[in-house]
Amino acid sequence: HVQSSLGNHYHQNASLCFDYCVIGAGPAGLQMGYFLSKAKRDYIILERNTGPASFFRKYPRHRKLISINKVNTGRQNYEFNLRHDWNSLLSDKPNLLFKRVSSEFYPPADSIILYLNMFEKELGLNVRYEVDIGRIRTVQSQAGRSYILTDQHASEYKCRVLLVATGLWVPNKISFIGSDLIEGYESMSTNADDYRNQAVLILGKGNSAFETAQNLLGKASVVHMLSANTVRLAWQTHYVGDVRAVNNDVIDTYQLKSLDGLVENNIENLAIIQQGGKKLSNMKRFYLLSKHLYENLKEMNSTYLMKDVLQKHEKERETFFWQKPYNRVIRCTGFRFNFSIFDSSATLLKSKKANGRFPGLTAWYEGIQTPDLFVLGTASHSRDYRVSAGGFIHGFRYTVRAVHRLLEQRYHGNPWQSTQLSATQLVSWILKRVNEASGLYQMVGILGDVIVLKGSHVEYVEEFPVQAMPVFPSISGHEISSGVIVMLLQYGTRKIDFLGKDRAEKEWAKAWKSNFLHPVLYYYQTLPTKKDMKFRPKGWPLPKPKAIHHIIENFFTEWHAPKIHIQPLRRFLEHCMQTDLRAFYAESCFSSSLTHCKPPLFCQEGYLKHHGVTRRIQPWRDSYDPVIMTVKQGASQDASEADPTFSKYLAQAGMLFSSGLKLEL
């Protein structure tokens, strides 16, 4: 029996009961396991295979990762280096990093298996292997809702909160005429010699398709790629899920007319026929034609001899037709989420994005109709599909942490981790975050720092999912009273030539025109509503605020120049907070204290509270020089009471003291 800390609602004799069940021991599942273990929560990770990282044991098929592993950054800052380490998970062990298993910029896939094994063992995570969950249902009781997980041996696991980290592993099969004749990415041969001097058609233009084409270029006679969409290159879209340069040699061979080619057409509107109807032969011959032409050929005999096809093609004047056959047709159309294990009581809805390949989730990664069920990792990518890196390790390690912080607030009453800062510290703290923070850098436009304004101080909440801003108080545990500033990193929305001459903005006064990654701050007097979020401008991560500030893009992605970065930022914050955030020397604070009813905030919090001021006894001077005037050490009365002559001097000078002001040097 494992006693629950979420209400002790399980029966005393029940077995296999946990507060948290995590399904999947991939990178997302192990990442959540670390956070649950660190918080000393009652949890278990269930994995159907014999070890972690089962997806990476087979994929990518050609065994080369395209996730960056930049070991040499010239910096020793842990947070900064994670910006360029796309494979490590987060932990409190600074040496538990991916670079321990590989130093290659694009590492072999087997290295991720070694790393995740190391991560699990060194942290002692509670993982149970060879548990294949085949059914998930919910039960209701007086204590609330629970999830029941049934494995291949009919054993059951009961948990209050379910965390699904199964990823996308079901091949995304597209049904069309002749789809039964083709090979799948998941089962194709990866031996390039098997394609020697063959004509190959690849269905798809994503990274798996280009990875396959890259492997065949030197052996196949022809490589053609077909899909409905044109090629989207990651260096143009800033989306890591688009085609990476390391795999796009086929674009060169296509543009330089070296037999290879790319074609746009909807796959569902095509037909693939095999000449003579022979499915099995040493050299298969597949012909590609339109669905329209195929349906017109139905009237003819089922063998579809090529002379008949050609005659019908000429008669119909059909434009989409290949007169030359292919020897292989390979489907490389990605993967989808496994919805089949959820019964009607725990049904996850399909997202409208990516043709329903992902589950539909709230902005805080909870199932839309399944309370207490959260989706982690690649499967949670529906929240930032084609926007940010939430479908990849270097992105979802931060969204997993965000979900854990939500769990701590909702179920254990621990508010979202925050830092209380004096308002005068805010500029420095923001600069530190934009120049170092890895979560903001990787989850562009999705995770942002929320600055809760509270007069002379602020609560600084890090890496909050900004799409959930309408419910910020309930999720974070922090109330909003005097406004809020949201800071995130984002790209520009204008369409430009990303290698063109004028691709970067150079005038800091036009920072809002920045095209590349740069910090943006949004100021709201009250939180945006759900309606505001729904109707926000296209391409904006947040609705229009009361005030907005862009910090101009920088070639080195560093923002610390006094005139073009720091001063405009400070002036924006002063406008939002209605206070002076400048720093002063002691002499300036003393002078301001003598001449203003309300000295600058920096002087109030520092100089006038004796911070950084050395005490020493010095007699009054006849000149009453304001810089060297003192009150006797230990005096508690106002400066005007300390010396009648001094009081008379102040009156003659027309200076006004605020009540209770103490002057010490």
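Predicted model: local features only at pLDDT ≥ 70, side-chain atom pairs only at ≥ 80, totals over all residues.
Local features need pLDDT of at least 70, side-chain atom pairs count only at pLDDT 80 or more, and totals for chains, interfaces and linings use all residues. Residues are numbered from 1 along each chain as its sequence is written, and side-chain values use heavy atoms, with hydrogens and water left out. Helices (H or I, at least four residues) and strands (E, at least two) are DSSP runs, numbered from the N terminus.

**Second largest pocket**

- The second largest pocket holds about 1,800 Å³ of space. That volume is the space filled by probe spheres set on grid points, which are joined across faces, edges and corners.
- A pocket is an open set of points on a 1 Å grid over the protein atoms alone, where a 1.4 Å probe fits, with protein on both sides within 12 Å along at least five of seven lines.
- Its lining counts 46 residues, a lining residue having an atom within 4 Å of a point. Lys353, Val387, Arg536, Gly539 and Trp540 lie nearest the centre.
- Helix H5 (234-237) and helix H13 (530-534) are the elements that give two or more residues to this lining. H13 gives the most, with three residues.
- By class, the lining has 19 nonpolar, 13 polar and 14 charged residues. Ala, Val, Leu, Ile, Met, Phe, Trp, Tyr, Cys and Pro count as nonpolar, Asp, Glu, Lys and Arg as charged, and the others, Gly among them, as polar.

**Helix H1 and its partners**

- Axes are lines fitted to C-alpha atoms, for helices over the stretch in contact, and angles run from 0 to 180 degrees between N-to-C directions. Contact means heavy atoms within 4.5 Å.
- The axes of H1 (residues 27-38) and H9 (residues 393-412) come within 9 Å and cross at roughly 40 degrees.
- Pro27, Ala28, Gln31, Met32, Phe35 and Leu36 in H1 meet residues of H9 including Phe396, Val400 and Leu407. The contact of H1 with H9 divides into 10 nonpolar, two polar and two charged residues.
- H1 and H3 (residues 110-123) have axes that come within 11 Å and cross at roughly 20 degrees. H1 and H3 are therefore roughly parallel (under 35 degrees). Their crossing is left-handed.
- On the H1 side, Pro27, Leu30, Gln31 and Tyr34 meet Leu116, Phe119, Glu120 and Leu123 of H3. This contact has six nonpolar, one polar and one charged residues.

**Helices H10 and H14**

- The axes of H10 (residues 426-436) and H14 (residues 562-577) come within 10 Å and cross at roughly 125 degrees.
- H10 passes H14 in a right-handed crossing.
- Leu426, Val427, Ile430 and Leu431 in H10 meet Ile566, Leu569, Arg570, Leu573 and Met577 in H14. Eight of these residues are nonpolar, none is polar and one is charged.

**Backbone features**

- Tyr59 and Pro60 are joined by a cis peptide bond, with omega about -10 degrees. Pro60 sits in the loop between strand S2 (43-46) and helix H2 (78-82).
- Lys40 is not a glycine, yet has a positive phi of about 60 degrees. Lys40 lies in the loop between H1 and S2.

Methods
Left-handed = near helix turned anticlockwise from the far one by under 90°. Parallel < 35°, antiparallel > 145°, perpendicular 65-115°, else oblique.
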